[in-house]
Amino acid sequence: MSRIGKSIITIPAGVTVTESNGVVTVKGPKGELTQTLTEGITLEQKDGELTVNRPSESKQHKALHGLYRALINNMIVGTSEGFEKKLELVGVGYRATHSGQKLELALGFSHSIVMELPNEVKVDTLTEKGKNPIVTLTSHDKQLIGMVAAKIRSFRKPEPYKGKGVRFVGEIVRRKAGKSA
């Protein structure tokens, strides 16, 4: 039995989980998310607890069992609490500003990068003197916020010699020794 798949999901107050025709809908105070289930995977809801069941012991069903349990759990956590990702811009002259859903990044190129963010993702930028600018992304959709954060990071990945680039807050970048004098 899958260790992830067999663990029970507790549904917090204010969150409703409904399933119809293989589509799971989770509604909560932060928003609404839907996920299509593969045929055979079923949900069992009792006393504020949710269990994901699989039809057989085949390798495919075992893999999907843990996957759908994790996806549904992320949907429940996202609609009740939300998710947050913080990115740090390390480098001289690197700046970040936002206006509405547009994020403008100055990352050492000849032009600034303007990125239009999805409506589900809220952005906030923090610039303090003497510290690296920080871009904070918040959303109820874990998949979407991860994709947006990865896209922003891909504009200027951290390089191993000086450590310059866009990195997640708390990310450790392995440094290499440069030319030996």
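Modeller: Before we start, buried here means under 20% relative accessible area, exposed over 50% and partly exposed in between, with a 1.4 Å probe and protein chains only. This is a predicted model, in which local features need pLDDT of at least 70 and side-chain atom pairs count only at pLDDT 80 or more, while totals for chains, interfaces and linings use all residues. Residues are numbered from 1 along each chain as its sequence is written, and side-chain values use heavy atoms, with hydrogens and water left out.

Colleague: Is T25 buried or exposed?

Modeller: T25 is buried, because its relative accessible area is 15%, and this residue lies in strand β3, residues 23–28 (strands are DSSP runs of E of at least two residues, helices are runs of H or I of at least four, and both are numbered from the N terminus).

Colleague: And what does T25 touch?

Modeller: Not counting residues up to four places away in sequence, T25 touches T16, V17, T18, E32, L33 and T34, where contact means heavy atoms within 4.5 Å.

Colleague: Switching to β9, which strands does β9 pair with?

Modeller: Strand β8 (residues 95–99) is joined to β9 by 5 bridges, and β9 is joined to β10 by 4 bridges, with both pairs running antiparallel; two strands pair if DSSP finds at least two bridges between them.

Colleague: Where does K102 sit in that?

Modeller: K102 in β9 stands opposite S99, and its bridge partner in β10 is E116.

Colleague: What about the turns?

Modeller: The hairpin of β8 and β9 has 2 residues between the strands, and G100 there takes a positive phi near 70°, whereas the hairpin of β9 and β10 has 6 residues between them, with G108 in the turn at a positive phi of about 85°.
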